[in-house]
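User: Hi! Could you walk me through the aromatic contacts, the cavities and the strand pairing in this protein?

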Amino acid sequence: MKKIIALLFFAFILNGYAQKSRTIFSKDPIVNLENFQKKKVYYGFYLGFNSYDFKIDYKMKGPDILVKKTTGFNVGIIGDVKLQEYINLRFEPGLYYTKRDLYYPDFSNSGDALREVNSTYIHFPLLLKFSSLRTGNIRPYLVGGLSATLNLSSNSKLMDDNLQERFRVKSWTTNYELGFGIDLFSEYFIFSPSIRGVFGLNDELIRDNDPSSPWTGNIEALKTRAILINFTFH
């Protein structure tokens with residue numbers, strides 16, 4: 001359902017721009033917001049979707065833990081500082097919600113085999129935006145940088161572990177991020193669809209109290225991987 005809503009939302013936006021094709025995609029467009037990119041500081045907000053995964057490294061070979069991904073959502077604000085004509089520094093704090101299901105193949109009991117990992121993140125990315133030359137009302141860009149994430153649903157302070165069906169991860173994680181997008185200049189605002197990958201740098205797992213736990217004992221490292229699709233408005 002969320003994917004259908006995303007496609008409808010994107011189709012609505014594209015249709016709106018198609019109605020104004022002379023100002024966006026024509027050979028001789030009217031240049032919109034011509035002085036906007038000269039601003040030293042500007043702000044915006046974004047809405048979007050995410051797909052979070054785990055990269056799992058194991059101590060010994062054995063059946064892999066299966067990760068079932070779902071589609072989550074993102075919302076946040078943007079502060080942008082112009083460093084030079086083609087480089088901007090961006091701070092994009094946001095609230096991200098996602099859910100992952102971990103299936104352990106060694107268990108016959110479905111209750112022990114499944115661990116639901118619901119995550120509510122406050123995400124703090126600090127990114128550099130590298131823009132190309134503006135062509136009419138279109139300006140592609142690359143973006144990359146580092147981020148810190150606070151997981152409000154980490155269970156990190158609980159003493160209970162997987163024996164009590166509590167899957168625990170660390171509250172804070174760090175990541176690097178890479179992506180690309182397009183600035184589309186309309187008459188009144190800039191619309192920027194983008195896609196970005198998030199790659200966790202540190203092991204997030206909190207091991208069970210029993211070192212030989214069947215849920216965490218064979219995991220060397222558990223790190224976040226994610227794809228973010230954001231629709232930004234300035």
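Analyst: Happy to. This is a predicted model, and the count of aromatic pairs in it comes to ten.

User: How are the rings of Tyr104 and Phe107 arranged: stacked, tilted or edge-to-face?
Analyst: The ring centres of Tyr104 and Phe107 are 6.3 Å apart, and their planes meet at 80°. Planes over 60 degrees apart count as edge-to-face. The pair of Tyr104 and Phe107 is therefore edge-to-face.

User: Is Tyr104 buried or exposed? And which class does Phe107 fall into?
Analyst: The cut-off for buried is a relative accessible area under 20%. Tyr104 has 5% relative accessibility, so Tyr104 is buried. Phe107 has a relative accessible area of 22%, and that makes Phe107 partly exposed.

User: What is the geometry of the pair formed by Phe191 and Phe233?
Analyst: Here the ring centres lie 5.3 Å apart, with the planes of Phe191 and Phe233 at 40°. Stacked pairs need planes under 30 degrees apart and edge-to-face pairs over 60. The pair of Phe191 and Phe233 is therefore tilted.

User: How many residues apart in sequence are the parts that this pair ties together?
Analyst: Phe191 belongs to strand 9, residues 190-200, while Phe233 belongs to strand 10, residues 219-233. Both Phe191 and Phe233 are buried.

User: How much space lies in the largest cavity?
Analyst: The structure has three cavities of 30 Å³ or more. The space in the largest of them is about 120 Å³.

User: Which residues are closest to the centre of the largest cavity, and which elements give two or more residues to its lining?
Analyst: The largest cavity is lined by 14 residues, and those closest to its centre are Gln37, Tyr42, Asn88, Lys129 and Arg139. By class, its lining has four nonpolar, five polar and five charged residues. The elements giving two or more residues to this lining are strand 3 (71-84), strand 6 (114-131) and strand 8 (172-185).

User: What about the second largest cavity: which elements give two or more residues to its lining?
Analyst: This cavity holds about 70 Å³ of space. Its lining includes Tyr46, Arg90, Glu92, Tyr141 and Arg196, and divides into four nonpolar, three polar and three charged residues. Two or more lining residues come from each of strand 7 (138-151), strand 9 and strand 10.

User: How many bridges join strand 1 to strand 3?
Analyst: Strand 1 covers residues 41-58 and runs antiparallel to strand 3. Within strand 3, Gly79 is the bridge partner of Tyr43. The number of bridges joining strand 1 to strand 3 is eleven.

User: Through how many residues does the hairpin join strand 3 to strand 4?
Analyst: Strand 3 and strand 4 (residues 87-91) are antiparallel and share five bridges. Lys82 stands opposite Asn88 of strand 4. The hairpin between strand 3 and strand 4 passes through two residues.

Definitions and conventions
Residues numbered from 1 in each chain as written. Predicted model: local features only at pLDDT ≥ 70, side-chain atom pairs only at ≥ 80, totals over all residues. Heavy atoms only, no water. Phe/Tyr/Trp six-rings, centres within 6.5 Å; stacked < 30°, edge-to-face > 60°. Buried < 20%, exposed > 50% of the residue type's maximum accessible area, 1.4 Å probe, protein only. Helix = DSSP H or I, 4+ residues; strand = E, 2+ residues; numbered from the N terminus. 1 Å grid on protein atoms, 1.4 Å probe; cavity = no way out; pocket = protein on both sides within 12 Å on 5 of 7 lines; lining within 4 Å. Points joined across faces, edges and corners; volume = space filled by probe spheres on them. Nonpolar A, V, L, I, M, F, W, Y, C, P; charged D, E, K, R; others polar. Pairing = 2+ DSSP bridges.
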